[in-house]
Amino acid sequence: MPCTRLFGLLAFLPLPLQAGVQSALHPQSESAGRVAEITWVLFTGGAIIFVLVGILLALALCGPPRLRVLLRQPSLVVGGGIIFPVVVLTALLIYTLSAGSTMLKADTPPAARIEVVGEMWWWRVRYLDSEGLALFETANDIRMPAGLPVELVLKSDNVIHSFWVPNLAGKLDMVPGHVNRLRIQAQEPGLFRGQCAEYCGAQHAKMMVDVQVLSADDFQSWVASQREPAHEPAGATLALGKQVFMQNCVQCHAIRGTLANGTSGPDLTHVGSRLSLAAGVLPNNVGALAGWIAGSQHIKPGNAMPSFNQLSGENLRAVAQYMESLQ
């Protein structure tokens, strides 16, 4: 079997259990809890109405003659077909709008501001300071403090995407030329999986994001480590890997602390510390890194990264180990 076909099979391997929870029915923030509450109220109301209509329909078709005569009275038709829907739908609308408006309130400034840009098909993530300037950039990996409000600044430079982490918030579109803001306050530490919820092209289904909620202290430590440049490789293998990277990857990727400053692809300064690769498609390890480098077009056809299947086995292993070392 050719190597690229073997690497392509990696796309179908299941992600490890630490890939994160993804369920709108298990909210882990106030906003997600309110979305779940609205969902259950509307579902319950709709189910009750459905059952009542079914009972009336059964009685109208199979009930006693006297009851069927009553059910076709004009007053009942007007009451059940016009007045009842107007009253019930108006009440549900008022409830939904009032419940949804509470998710827009911002009584305190955010503890962190994170810019998320939808790309084809991955997530560019920038952590911003109080003036809106980028502290550092990462990709497909969002981390936030537990118990503190976080503001996500959602953008797109290409097509419409939709940011959705079911456990933490509802869906919000990312529209080219427009900025949307999503406020999240996770209740406790945990690992969650998000994804694009708006069809955006061929690899829409493989556009996921890892969201890790940390304690406040751990979050600050992580931010400090992410702001550091990449360390120099130790050993001949990692040095060879860096050399191969500089010869093939610097046009698209950046590694702070080196001459690599490409901007069209993800920033790889600390790629080894991320939980997954290729926007959640592969677990992050040396084998998956090598598979992605050599067979990216087999794993995720149509993405902007070509398959580097011309690399020798030695060079491929070296560059994969170098990238894994970027913690």
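What follows is a chat about strands, backbone features and salt bridges in this structure.

Me: Before we start, what kind of model is this, and how are the residues numbered?

Reply: This is a predicted model, in which local features need pLDDT of at least 70 and side-chain atom pairs count only at pLDDT 80 or more, while totals for chains, interfaces and linings use all residues. Residues are numbered from 1 along each chain as its sequence is written, and side-chain values use heavy atoms, with hydrogens and water left out.

Me: OK, strand β1 then. Is it mostly covered or mostly open?

Reply: Strand β1, residues 112–118, is mostly covered, with 6 of its 7 residues buried. Buried here means under 20% relative accessible area, exposed means over 50%, and partly exposed lies in between, with a 1.4 Å probe and protein chains only. Strands are DSSP runs of E with at least two residues, helices are runs of H or I with at least four, and both are numbered from the N terminus.

Me: Which sense does the pairing of β1 with β5 take, parallel or antiparallel?

Reply: β1 pairs with strand β5, residues 150–156, in the parallel sense over 7 bridges, where two strands count as paired if DSSP finds at least two bridges between them. Within that pairing, isoleucine 114 stands opposite leucine 152, and valine 117 stands opposite lysine 155.

Me: And how many bridges does β1 make with β2?

Reply: β1 and strand β2, residues 123–128, pair over 6 bridges in the antiparallel sense, and a hairpin of 4 residues joins the two.

Me: What about β5 itself, and what does it pair with in β8?

Reply: β5 is mostly covered too, as 6 of its 7 residues are buried. With strand β8, residues 180–184, β5 pairs in the antiparallel sense over 5 bridges, and the bridge partner of leucine 154 in β8 is asparagine 180.

Me: Changing topic, what is the phi of alanine 278, and of alanine 279?

Reply: Alanine 278 has a positive phi of about 55 degrees although it is not a glycine, and alanine 279, likewise not a glycine, has a positive phi of about 60 degrees. Alanine 278 lies in the loop between β11 (276–277) and β12 (282–283), and alanine 279 lies in the loop between β11 and β12 as well.

Me: Why do those two count as buried?

Reply: Alanine 278 counts as buried because its relative accessibility is 14%, and alanine 279 counts as buried because its value is 0%.

Me: Where does glycine 80 sit, and how far is its C-alpha from that of valine 53?

Reply: Glycine 80 is in helix α4, residues 74–101, and it counts as partly exposed because its relative accessibility is 43%. The C-alpha atoms of glycine 80 and valine 53 are separated by 9.3 Å, with the two residues 27 apart along the chain.

Me: Now charges. How many salt bridges does the structure hold?

Reply: The structure holds 11 salt bridges, each defined as a side-chain nitrogen of Lys or Arg within 4 Å of a carboxyl oxygen of Asp or Glu. One of them is between glutamate 115 and lysine 155, whose closest N and O atoms are 2.9 Å apart. That pair links distant parts of the chain, with glutamate 115 in strand β1 and lysine 155 in strand β5, 40 residues apart.

Me: Which partner does arginine 124 have?

Reply: Arginine 124 forms a salt bridge with glutamate 137, and their closest N and O atoms are 2.8 Å apart. This pair also links distant parts of the chain, with arginine 124 in β2 and glutamate 137 in strand β3, residues 134–139, 13 residues apart. Both arginine 124 and glutamate 137 are buried.

Me: Which residues are joined into one network?

Reply: Salt bridges that share partners join Glu115, Glu119, Arg124, Arg126, Glu137 and Lys155 into one network.
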